[in-house]
Amino acid sequence: MISPPFGSGRDPAEGTAPGPAVAEREPTTLSGIPVQLVYTAEDVSELDPRRDLGTPGSYPFTRGIHATMYRGRLWTMRQFAGFGTAEETNERFRYLLAEGQTGLSCAFDFPTLLGYDSDDPRAEGEVGRLGVAVDTLADMERLFEGIPLDRVSTSFTINSSAEIILAMYLAVAEKQGVPWDKVRGTVQNDILKEYTAQKTYIFPPRPSLRIITDMFAFCAEHVPNFNTISISGYHIREAGATAVQELAFTLADGFTYVEEGMRAGLPVDRFAPRLSFFFDVHNDFFEEIAKFRAARRIWARVLKERYGAKDPRSLRLRFHAQTAGVTLTAQQPENNVVRVALQALAAVLGGCQSLHTNSMDEALALPTETAVRTALRTQQIIAYETGVTRTVDPLGGSYYVEWLTSEMERRAEDYFRRIDEQGGVIAAIENGFVQREIADAAYRYQLALASGEEKVVGVNVFRDDEPAGVPILRIDPEVESRQIARLREVKRTRENRRVRQALAELERAARSGANLMPPVLECVRAYCTIQEMDDVLRDVFGVYEEDVSI
Amino acid sequence: MDAKAEDAPAMAGEARPIRVVVAKPGLDSHDRGAKVLARALRDAGMEVIYTGLHRTPEEIVRAAVDEDADVVCLSLLSGAHPVLVPKIVRLLREAGLTETVVMLGGTIPDDDVPAMRAAGVAAVFGPGSDLSEIVRAVREHVARARAGAAGA
Amino acid sequence: MPRVPDALEPRAQAAPARPAGARPPVEDFARRLVAGERFALARAITWVESGDRAGAELMRLVYPHTGRAWVVGLTGAPGTGKSTLLAKLAARFAALGRSVGVVAVDPSSPVTGGALLGDRIRWTPPETGDVFFRSLASRGRLGGLSSAAFDAVRLMDAAGREVVIVETVGAGQGEVDVARLAHTTVVALAPGTGDEVQAAKAGIMEIGDLFVVTKADRPGADECVRDVRLQLGLSPEARGRREGFGRAQGPAGEEPTWFPPVVKVSARTGEGLDRLVRLLAEHRAYLEASGRFGRRAALDDVLRMEDEFRRLAFERARRAAERAGAWAEAVERLGRREIDPATAARLAWSGTEPFPQAGSAAGVEGADGRAEGPK
């Protein structure tokens, strides 16, 4: 049965096409940018191709960061995984590698993200639910059992406690005999967007930024092939921001990290090449492509002109993309396969370096193995069947795409000005500006959905009230008790004197301002738990409490 | 437990605004839905208290008692609902809020809905639910609860 | 507007439409409230806030138990970090072993009547101690601080809350109201917002017993402190007086004095919070020493009585004028612009003659003198 969209007198499903009703109002992109019926050379008359586009692989990198792009090497197909205990995730990792995936991506459960052990009362009901539970190095050892760390690159979705997870990964490498300069991967480590969007923060902004710059310095010296941060727009977008806001707030966060690194005394070209980005790729096809192109141009210009970066690797904005989780619907979930395919195509046309495609069942629960395979196959079809990889930036020079790229850049710059007027990103976070902008956009979109102004197939148009009937992944409730039992076993068998010493050393470093990585590594090797380490840091740094507008 | 809402004198006459506590139990940090809902309920003329993130069941119940909430809307996207939701409902009832309506939203698989209803949840809203549908459900459930309390 | 029991109607008509015998045990509820039961206090506030008859009765029963709480008003413009300061302050008092009540007033939307209570996340963690936190919407009542807030404060007082903090958004006359209700009024100002200038214009400087410059970790805090001192007149040092509780020679010998201190506080880092709590305690000591503690509450009660009396008088007079037809006539002639509003008012007033005798007020609730509290 098909039901009409809420609040709209018309049901587009009744006619063959919505027809003239569409033209009532000037259409806009999802960000609210008005769109003309047609674009011509006049709309891009101010664009200087040499100055504003360059050639692929050259400044300002609008057309992509590599001259040969996907002919040289395809993007990394990287499916995010993590649930239950380390063994279960390890099994999923091995499955994905066997199916042709080229990089690993690991999600953690909420207790781990927030620095609580699995046996803390606050972790009740949460252990292993939305990611893998990691309490100590013992869990990390099991997570990568049988996976040689010099042969994969691993991305960790961790922000608070990123230094602990990285230290655990490096400790596993030590045990496998893999030298640290062979270890590749990424920690998300983007704390600023936690305060505005994702909300898995522990400490206040200042000490959090210090931990991050400690990691910049440590990795520049010891782990040169590891991306120490993945500056993320994904969560900002998923929290309800528009594409323009995602672009602006993410880059503004990026500039802040550059400034923090420089303030900590690091030359910009020493750490900027290891900065990478993580964007959302949403439904509005051309707007998304324009967003990626604009991001590259802005980053290159600002790094060169404002921060004096000279190394071309500092100027190149590399990014991972993930299809938009919020666009997945619980209703008619098989439609999600199509949404994901179109979003993935936009990411590829926008020049991503790695890509995660969501699975059709993720509006309901974590994905099943079958659903993950279809998502991965979607990327493989784009790579091997569509032919879009043959030429670099195939949409470059399109009047519309070039106009939209410049328009998004202009609108992002408006936001940069407003943030600067408030004294920078941290001030804009503390006074709630960024959060308010995002919440307002989220609410506007929701109202547009309710009025039928924005349409979602299968939800407010073309509904079909049959139950979804998609098999979903169930997390065994026993995971929690198994994980707690394991944690107790580790605590019982470890050398507790070494634990106390390591924690005391961590506290001293935290208070003195010394680089935190060496004492964290020592704690990890001694099998300290994540909460033991974070509790030490909570005592020293304090705990952040949100005070923002709804 | 001596605090029984049934022995409270019934409200006289005209409708007072509906008071809603919007709460985020557990550790999941996705507050977009909760915030959008808070605004929608306000725009529908209700008085809304949003607790913020990462609240324990005890904390949520305390807020609901102090604020004398007609409705507690729980938003969970972490999958911890089988553990946390029944606990919250039980603590609410023990605290004397016998007629307070509990509603649940977030990623709640269809298979879990009967268990949530059995635990005392009046309505469950999955992803993609229409805001006006939720607003309407809040009004209906509160009207019923108030009528029930007045008749007791 | 909340429904208010009509004092002039005969009792029989005003009785609630509830079957006899189903009368709820208000007395029992009052006892539970006075015993400090959380649920009873919360429900009682709901009744008085919505103008319920049970609320009026309950208030009458528990009023003899009021007058002990120390009422601290906290006001300031939106964005001054008041809510954060409030949470920290409540937690600090609770940590000192005090039982704390909080009444936070937010504006209702004039359009929908709805309200987000706390345009910011409103939260006081329970582990900080015994804090009863209640949010109230202004519900379109005039005068900023609603009469419901007054009632909520008295109910918390009756329930044994030793410190009751009332938070209002400083918009319009709200601050003046809070000063009327509170023993101690704290005005919050944020640096770099021009708050101090606005405050002076709005007459806030006169009502503050303490001034808090919030966000002390931000630039401009020291300038803000200086500006507030300037607005307050001279700095106390320049006058040779001590900031806070002092003594001065008055006509009747040495008298306690108070000069409003300006405190820099960062709710985020906790800087200045101890000093603020110490100065609040000092103000409390000053109130006791000067006899103002009891006087302030008594004055407030009388003002509150006046408000109610004014309302009753208006209701009665208007009704009399309506019955005599004078009200309608005055409105009609005013509408035709035959007379001006002042003449119209006098015309309507002429319809109230002869004014009803005091004896006919027997229907006023509680006028039969039964006001004993629960045992």
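**View 1. A hairpin in chain C of the predicted model.** Strand 8 of chain C and strand 9 of chain C make up a hairpin, with 2 residues between them. Strand 8 covers residues 244-250 and strand 9 covers residues 253-259. The two strands run antiparallel and are joined by 7 bridges. One residue pair can be picked out here: C:Gln249 has C:Glu254, in strand 9 of chain C, as its bridge partner.

**View 2. The contact between chain B and chain A.** Chain B gives 29 residues to this contact, and chain A gives 33 residues. On the side of chain B that touches chain A, the elements giving two or more residues are helix 1 (32-43), helix 3 (81-94) and helix 5 (131-151) of chain B. Helix 1 of chain B supplies the largest share of that side, 5 residues. By residue type, the side of chain B that touches chain A consists of 12 nonpolar, 10 polar and 7 charged residues.

**View 3. The largest nonpolar core and a residue within it, C:Leu33.** This core has 291 residues. The residues with the most contacts inside the core are B:Val20, B:Val48 and B:Val72 from chain B, together with C:Leu33, C:Leu155, C:Ile165 and C:Val166 from chain C. With neighbours within four places in sequence left aside, C:Leu33 is in contact with C:Ala40, C:Leu41, C:Ala44, C:Val62, C:Leu155, C:Ala158 and C:Ala159.

Key:
Residues numbered from 1 in each chain as written. Chains lettered and ligands numbered in written order. Predicted model: local features only at pLDDT ≥ 70, side-chain atom pairs only at ≥ 80, totals over all residues. Pairing = 2+ DSSP bridges. Helix = DSSP H or I, 4+ residues; strand = E, 2+ residues; numbered from the N terminus. Contact = placed C-beta atoms within 7 Å. Nonpolar A, V, L, I, M, F, W, Y, C, P; charged D, E, K, R; others polar. Core = buried A, V, L, I, M, F, W, Y, C linked by C-beta atoms within 7 Å. Buried ≥ 20, exposed ≤ 12 C-beta atoms within 10 Å, placed from the backbone.
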